[in-house]
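Have a look at the sequence and the 3D view before reading on.

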Amino acid sequence: QSALTQPASVSGSLGQSITISCTGTSGDIGFYNFVSWYQQHPGNAPRLIIHEVTNRPSGVSNRFSGSKSGNTASLTISGLQAEDETDYYCSSWTTRGTYVFGTGTKVTVL
Amino acid sequence: EVQLVESGGGVVQPGGSLRLSCIGSGFTFSSHEMSWVRQAPGKGLEWVSWISSSGTPLNYADSVKGRFAISRDNAKHSLYLQINSLRAEDTAIYYCVRDRYSAGDALDIWGQGTMVTVSS
């Protein structure tokens, strides 16, 4: 199972919006609406920020939003803040009955 | 508080074995599917294995199939990962993770991780 493809890095200025893409196949992102996104600060465990493509768990800022089109999912962070500078991973359930993660994206706030 | 706590990591020689454990608290452990996810030093997340709430079915990443075995004891609120024939590339933090509501839904609760180092 190959990893989902994410850009290695994305940057934006304070207050701006950025979008991270996550490209899979018809056997994962394209098949299920089980796309999730995770935020991971250095030295910490990942934290779920989006589930089922568009849904935010309780306590997650509404500045985070998700979408999907075909085999590609996206995470948008609006009103970029300094604390958003960290790593982000997408994930999808697959037709093989496994999870697959994205390659990870480092977000830099300029 | 909903919590997962892993244990059992350590330094092991290539070819060796370890048994990782995870105890869940603050939720109905027997109602949730569970996974193991690992992260090699400085690298991304890699899903390792998944087990249903009842114990079957279960599944593995191709990279560990035949060497790792996932199991659970719902009476003890515990998840396990038996890792055998360890290789250098198995060196990673191993996270115990809860499926949110159903298989494949999302991984909503993560433990703090336990480090496995394979080195001679």
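Before we start, one term: two residues are in contact when they have heavy atoms within 4.5 Å. Keep in mind, too, that this is a predicted model.

## Chain B on its own

With that term in hand, look at chain B. Among its contacts with a separation of 6 or more, 54% are between residues 24 or more positions apart.

What does the C-alpha trace of chain B span along its principal axes? The answer is about 40 × 25 × 25 Å. Of the 120 residues in this chain, 52% count as buried.

## Where the two chains meet

Now bring in chain A. On its side, 18 residues are in contact with 25 residues of chain B. The size of an interface is often given as the accessible area lost when the parts come together. Here, chain A and chain B bury about 1700 Å² between them, and 59% of that is on carbon and sulfur atoms. Which residues of chain A lose the most area to chain B? They are Pro46(A), Tyr99(A) and Phe101(A), and together they make up 35% of what that side buries.

The interface of chain A and chain B has two salt bridges. One of them links Arg96(A) with Asp62(B), whose closest N and O atoms are 2.8 Å apart. You'll also find 10 residue pairs in polar contact across the interface.

Three elements of chain A give two or more residues to the side that touches chain B: strand E3 (35–40), strand E7 (87–93) and strand E8 (99–101). E3(A) gives the most, with three residues. Sorted by class, that side of chain A has nine nonpolar, seven polar and two charged residues.

## A closer look at Leu14(A)

Let's finish with a single residue. Leu14(A) lies in the loop between strand E1 (9–12) and strand E2 (18–23) of chain A. Is Leu14(A) buried or exposed? Its relative accessibility is 55%, so Leu14(A) counts as exposed, the cut-off being over 50%.

Still, Leu14(A) has partners from elsewhere in the sequence. Leaving aside neighbours within four places, Leu14(A) is in contact with Leu80(A), Gln81(A), Ala82(A), Val109(A) and Leu110(A). Take Leu80(A): Leu14(A) and Leu80(A) are 66 residues apart in sequence, yet 5.1 Å apart in space, C-alpha to C-alpha.

Key. Residues are numbered from 1 along each chain as its sequence is written. Chains are lettered from A and ligands numbered from 1 in the order in which they are written. This is a predicted model: local features need pLDDT of at least 70, side-chain atom pairs count only at pLDDT 80 or more; totals for chains, interfaces and linings use all residues. Side-chain values use heavy atoms; hydrogens and water are left out. Buried area is the accessible area (1.4 Å probe) that two parts lose on being put together, summed over both. A salt bridge is a side-chain nitrogen of Lys or Arg within 4 Å of a carboxyl oxygen of Asp or Glu. A polar contact is a pair of N or O atoms within 3.5 Å; within protein, one must be able to donate a hydrogen and the other to accept it, and residues adjacent in sequence count only if both atoms are side-chain atoms. Helices (H or I, at least four residues) and strands (E, at least two) are DSSP runs, numbered from the N terminus. Ala, Val, Leu, Ile, Met, Phe, Trp, Tyr, Cys and Pro count as nonpolar, Asp, Glu, Lys and Arg as charged, and the others, Gly among them, as polar. Buried means under 20% relative accessible area, exposed over 50%, partly exposed in between (1.4 Å probe, protein chains only).
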